[in-house]
Amino acid sequence: MQSLKSTLAGALSALALLGLSACSTTSPDVIKPGDAQRLSQVADAVVISVRPVVVEGSQSGLGGGTGAVIGGIAGAGGTSNPRGSAMAGVAGAVVGAVVGNAVERFGTREDAFEIIVQLANGERRALVQAQGNEAFKPGDAVILVTTGGKTRLMLAPKPGTTGR
């Protein structure tokens, strides 16, 4: 019985991790449905610098809550003594909450780039976005696309091309 509970707890933890890791993205190649078919503002710029950064993962409480439930169930089932079972359940819930919170934070963490650009009017702007299908380097001509208050960066099409 204990082995079944351990296996169930492990499976639920893995499912939670998979679900949490798919929750959020800053990828410039992923467009949310609400941003499709919206007119966006565009601005031409030139890349000045690119540096790797990490976008810290989220802590919505979902990971901690899920971990607490799984840990509480696993802990409570560890003994047949009612008092010991309650104490083990509480301890399991606390440990599960801590572990679940860490799983959520690290599962939603994302490697990204901070890209500093200079606009045609001389203004400089910084943008953080995840690595997409395009790689940026200093001197690249780029376009800043702003939709619904969010901006993404893309390489400018070369003259005489269709941009595809």
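Biologist: Is E123 buried, exposed or partly exposed at 36% relative accessibility?
Modeller: In this predicted model, E123 has a relative accessibility of 36%. Buried requires under 20% and exposed over 50%. With 36% relative accessibility, E123 is therefore partly exposed.

Biologist: Which side chain meets that of E123 in a salt bridge?
Modeller: The contact runs from N to O at 2.5 Å, and the cut-off for a salt bridge is 4 Å.

Biologist: How many salt bridges does a search of the whole structure find?
Modeller: Side chains of opposite charge can pair when their charged atoms come close. The search of the whole structure gives a total of three.

Biologist: How many residues apart in sequence are the parts tied together by E114 and R51?
Modeller: The side chains of E114 and R51 meet in a salt bridge, 2.6 Å from N to O. R51 lies in strand β1 (residues 41-55) and E114 in strand β2 (residues 110-119), so the pair ties together parts separated in sequence by 63 residues.

Biologist: Over how many bridges do β1 and β2 pair?
Modeller: Strands of a sheet pair through backbone hydrogen bonds, either parallel or antiparallel. For β1 and β2 the sense is antiparallel, and V46 stands opposite Q118 in β2. The number of bridges over which β1 and β2 pair is ten.

Biologist: Which are the edge strands of the open sheet?
Modeller: The sheet has five strands in the order β3-β2-β1-β4-β5, with antiparallel pairing. An edge strand here pairs on one side only. The edge strands are β3 (124-130) and β5 (150-155).

Biologist: Which residue in the turn between β2 and β3 has a positive phi?
Modeller: Seven bridges join the antiparallel strands β2 and β3, and I115 stands opposite L127 in β3. The two strands, β2 and β3, form a hairpin with four residues between them. The turn residue with a positive phi, about 95 degrees, is G122.

Note on methods
Residues are numbered from 1 along each chain as its sequence is written. This is a predicted model: local features need pLDDT of at least 70, side-chain atom pairs count only at pLDDT 80 or more; totals for chains, interfaces and linings use all residues. Side-chain values use heavy atoms; hydrogens and water are left out. Buried means under 20% relative accessible area, exposed over 50%, partly exposed in between (1.4 Å probe, protein chains only). Two strands pair if DSSP finds at least two bridges between them.
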